[in-house]
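Let's take a friendly walk through this model, starting with its pocket and moving on to the elements around it.

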Amino acid sequence: MDEQLQHIKDLAFRYFEGNTTSEEAEILFSFLKAKKNNTSLFKSWEAEWFTSAALKPSLDREWEKLKTQQQKVNNISSFIPEKKSLRNYFFIAASLTLLLIGGLFTILHHQKKSPEHFFTTETPYGEKSKIIMPDGTIIWLNSGSTLTYSDKYGTKNREVLLQGEAYFEVEKGKQNFTVKTNNHSVIVKGTKFNISAYPDDAVLSTTLLEGKVELKYKNRSFDMDPGETVEVDIHANIVKRMMSKTTTNMWTQNRLEYDNIQLGVLLKKLSREYARTILLKNDSLRNQSFSISINTKEELTEVLNAISKITPIKIINKNDTITLM
């Protein structure tokens, strides 16, 4: 074996032990991409490392943990974008490859000693993502949203950090499933619910579709029932509870339905949905409320033309910016 290949093999063994730096992991990643048969070589090194005498006493003890880690790989049929762009395809492909390599070859023998690592999924404006977690929980991530979770998800905890909007179908488990945002958290065992918590929104919204959840905001706690929505105004520190008249997770099916929404709020949602800048110059219309059902597969101009029949707005479409007068 030549000196360069031996160096790569040494890096691979250190990677299996969880002792590589991010720069060294990138070298391994480049090696895997360079030639098709490098993947087979990498796996043979993995097998060699597995059977090394130093690891034999601990393999039986860690086997169950290893199966849990491999389950993460089996379930990383995540990221199913509704709208695709070439730039985001390569971003997602690279992210998936790194996660797959980490899941296949990171052995939990040293997990208790190693620091906790986090995965982050970002959904660009104008797109949606579907994530299947290792425990089978399904998460739809809306436009302009970010989800972060630990590599110890399913073993140490079942916690995710959300910035933006997501719809959850949580599988039951021994551990509670917890969604944390910058301002509140939702704790569940198994249920279906929707959370909207964009950093630039003054109001956080949680709607429960099935099951039961506990919502925590500062020192207050609320048990929610199916069909109920809890809105938290983080500026005014006001919590409002109400029964939902519309299905809040319809955005996963390319629809936006609102029973009573202000024009300014709706335009912000449309801006995220279509990845377009929308400016409302007529402030007197910003707080006007109405009910509406929108098919987001339609062009944005068609949607705005439909809104103009409800409220008097003039649409000016120039470059990437739409101005409403």
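Helix α6 gives the largest share of the lining of the largest pocket, seven residues. This is a predicted model, and the pocket in question has a volume of about 1,300 Å³. It is lined by 39 residues, and those closest to its centre are E231, N260, I261, V265 and K269. Besides α6, the elements that give two or more residues to the lining are β8 (192–197), β9 (203–210), β12, β13, β14 (255–262) and β15 (277–280).

Here is how the lining divides by class:

| Class | Lining residues of the largest pocket |
|---|---|
| Nonpolar | 13 residues |
| Polar | 14 residues |

On the α6 side, the contact is made by L263, L266, L267, L270 and Y274, while α7 brings L300, V303, L304 and I307. By class, the residues of this contact are nine nonpolar, with no polar and no charged ones.

Two of the strands in the pocket lining, β12 and β13, also pair with each other. Residues 228–233 (β12) and 238–243 (β13) run in the antiparallel sense over six bridges, with E228 opposite M243 of β13. The two strands form a hairpin with four residues between them, and in the turn N237 has a positive phi of about 55°.

How values were computed. Residues are numbered from 1 along each chain as its sequence is written. This is a predicted model: local features need pLDDT of at least 70, side-chain atom pairs count only at pLDDT 80 or more; totals for chains, interfaces and linings use all residues. Side-chain values use heavy atoms; hydrogens and water are left out. Contact means heavy atoms within 4.5 Å. Ala, Val, Leu, Ile, Met, Phe, Trp, Tyr, Cys and Pro count as nonpolar, Asp, Glu, Lys and Arg as charged, and the others, Gly among them, as polar. Two strands pair if DSSP finds at least two bridges between them. On a 1 Å grid over the protein atoms alone, a cavity is a set of points where a 1.4 Å probe fits but cannot get out, and a pocket is an open set with protein on both sides within 12 Å along at least five of seven lines; lining residues have an atom within 4 Å of a point. Grid points are joined across faces, edges and corners, and a volume is the space filled by probe spheres set on the points.
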